[in-house]
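The sequence and the structure are shown below.

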Amino acid sequence: MIVIVGAGGHGLSAAYHLLKRGVKNVVIIEAKRVGYGSSSRNISRYRVYFNDKKNVEFARKAMEFFSKESKELKFNTMFMRTGYLWILGEGPTEGFRRSTNLWDSEGLGGKYLDCNNFNFLKEGLGECYFGPLAGSFHHDYLTLSYYEEVRKVHTFLSGEVTQLLSSGGKVKGVVVEGRQVQADTVLITAGAWTSRLLSSLGLSIPIVPERKEAYITEDVKFKVKPLVIDLATGVYFSHTLKGEIIGGIDRGVQGFVEFSISLDNMLAYLKRLRHLVRGIEGIGLMRGWSGFYEMTPDRSHVMGFDPQWPEGLFIDAGYSGHGMMMSPLSGEIMAKMIVDGKIDGLAQPFTPERFRTHKLLEENMVI
Ligand SMILES: Cc1cc2nc3c(=O)[nH]c(=O)nc-3n(C[C@H](O)[C@H](O)[C@H](O)COP(=O)(O)OP(=O)(O)OC[C@H]3O[C@@H](n4cnc5c(N)ncnc54)[C@H](O)[C@@H]3O)c2cc1C
């Protein structure tokens with residue numbers, strides 16, 4: 001029996017890919033509701049642009065996989081290539097230049113341009129960088145596609161897992177609100193809540209929640225195709241297909257704080273958005289929300305197992321704000337790992353062992 005803790009994008013993707021491999025004895029346990037965590041709170045953009053080489057390799061494979069899989073899923077995930085556009089102002093910082101050198105050496109096709117080349121931006125913003133291998137999708141259709149595929153075959157249990165069980169060096173199951181569920185394999189995809197759960201076995205994985213906010217405007221004529229990132233202020237935004245502008249600002253609060261939004265952040269975002277985009281003077285925000293980035297010390301995800309852990313315990317979490325785009329490939333990798341019992345090459349740098357052995361990946365491109 002396999003237990004998956006958490007019904008977000010990652011848990012459901014793993015469940016779907018296990019089913020594709022013929023594995024049906026899966027129980028998915030969710031504390032709140034399907035997609036309660038960051039999987040329903042993100043702004044659904046994807047990119048291959050990271051500044052650690054292993055993350056670039058992983059993201060590149062993940063985007064190829066997502067693009068292919070989106071054609072097979074029940075709902076249209078609206079996977080589209082739109083690019084990312086960085087506003088650099090007076091020019092790139094040394095760190096940004098290092099990243100674009102890596103992207104050039106990996107053949108990711110980006111280029112430096114005058115921002116005046118982009119008609120939707122106001123004039124005189126200085127230098128920009130456009131990366132074409134990036135885009136958007138719809139997170140809800142992705143999550144719901146996986147849910148639709150598995151809901152009649154796998155078992156869903158509602159309740160909070162409060163404890164992991166092990167004995168004799170092997171996983172034995174979990175405790176869900178006082179009730180034991182036996183399992184010889186447990187996959188933890190509990191997003192920002194993952195560390196809390198692992199601590200019930202005395203295991204420590206450094207994943208901490210950081211609350212981030214997102215906002216959506218009223219709709220205006222479609223013009224902002226790429227995701228725009230304003231490096232000076234940390235504001236980022238893009239159009240949705242409906243015509244709203246969706247985005248956020250790089251300000252966070254660490255810890256399990258309540259899901260609220262700050263007026264200060266919202267106004268800073270709106271002011272900068274109006275300042276940068278042509279023809280949206282006076283545009284209003286319709287709503288805002290927040291969710292947790294699940295941050296690791298090297299801002300890279302954690303997948304697989306540690307040989308020092310009880311046998312049968314797996315993790316897939318800690319995506320540090322860029323996990324929705326990775327969920328199709330990560331689910332496939334985890335399903336394969338659980339069935340074969342081996343870690344594949346792409347996953348190897350991301351195993352939890354790296355925190356113990358100090359082989360960190362040092363990713364800094366968190367958006
Ligand atoms: C504002 C914002 C914008 C973002 N933008 C993007 C973006 O543009 N692109 C991108 O790729 N990513 C983005 N992300 C990040 C992305 O949303 C996450 O990395 C991803 O959704 C993580 O998915 P998950 O399945 O691992 O975790 P989650 O979706 O958080 O799911 C974890 C689930 O586990 C459940 N759970 C937790 N503890 C327990 C327990 N003890 N027992 C039972 N169930 C439990 C929770 O209720 C939850 O449903 C953004 C995130 C935020 C907050």
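## Helix 1 and helix 4

In this predicted model, helix 1 (residues 9-20) and helix 4 (residues 139-150) have axes that come within 9 Å and cross at roughly 40°. An angle of that kind makes helix 1 oblique to helix 4. The crossing of the two helices is left-handed.

On the helix 1 side, the contact is made by Gly9, Leu12, Ser13, Ala15, Tyr16 and Leu19. Helix 4 contributes Leu142, Thr143, Tyr146, Tyr147, Glu149 and Val150. Sorted by class, the contact of helix 1 with helix 4 has eight nonpolar, three polar and one charged residues.

## Helix 1 and helix 7

Helix 1 also packs with helix 7, at an angle of about 50° and with the axes 7 Å apart. This angle makes helix 1 oblique to helix 7. Here helix 1 passes helix 7 in a right-handed crossing, whereas the crossing of helix 1 and helix 4 is left-handed.

From helix 1, the residues Gly9, His10, Ser13, Ala14, Tyr16, His17 and Leu18 take part. They meet Ser327, Pro328, Ser330, Gly331, Glu332, Met334, Ala335 and Ile338 in helix 7. The residues of this contact divide into seven nonpolar, seven polar and one charged.

## Helix 2 and helix 7

Helix 7 (residues 327-340) has a further partner in helix 2, and the axes of these two come within 7 Å. They cross at roughly 95°, and helix 2 and helix 7 are therefore roughly perpendicular to each other.

Lys61, Ala62, Phe65, Phe66 and Glu69 make the contact from helix 2, and Pro328, Leu329 and Glu332 make it from helix 7. By class, the contact of helix 2 with helix 7 has five nonpolar and three charged residues, and no polar ones. Pro328 and Glu332 of helix 7 are also among the residues that helix 1 meets.

## The two domains

The domain assignment of the chain gives domain 1 (2-63 + 139-206 + 298-357) and domain 2 (84-132 + 209-295). Taken over C-alpha atoms, the centres of domain 1 and domain 2 are separated by 29 Å.

The contact between the domains takes 20 residues from domain 1 and 22 residues from domain 2. On the side of domain 1 that touches domain 2, strand 3 (45-47) and helix 2 (53-69) are the elements that give two or more residues. The residues of that side divide into seven nonpolar, eight polar and five charged.

## The ligand

A shell of 41 residues surrounds the ligand. The closest are Gly6, Gly8, Gly37, Gly191 and Gly323. Helix 1, strand 2 (26-30), strand 14 (208-217) and strand 19 (285-295) are the elements that give two or more residues to the shell.

The shell draws at least three residues from each of domain 1 and domain 2. By class, the shell around the ligand has 18 nonpolar, 17 polar and six charged residues.

Methods. Residues are numbered from 1 along each chain as its sequence is written. This is a predicted model: local features need pLDDT of at least 70, side-chain atom pairs count only at pLDDT 80 or more; totals for chains, interfaces and linings use all residues. Axes are lines fitted to C-alpha atoms, for helices over the stretch in contact, and angles run from 0 to 180 degrees between N-to-C directions. Helices (H or I, at least four residues) and strands (E, at least two) are DSSP runs, numbered from the N terminus. Angles under 35 degrees count as roughly parallel, over 145 as roughly antiparallel, 65 to 115 as roughly perpendicular and the rest as oblique. A crossing is left-handed if the near helix is turned anticlockwise from the far one by less than a right angle, and right-handed if clockwise. Two residues are in contact if their C-beta atoms, placed from the backbone, lie within 7 Å. Ala, Val, Leu, Ile, Met, Phe, Trp, Tyr, Cys and Pro count as nonpolar, Asp, Glu, Lys and Arg as charged, and the others, Gly among them, as polar. A residue is near a molecule or strand if its C-beta atom, placed from the backbone, lies within 6 Å of it. Domain bounds come from an automatic or database domain assignment.
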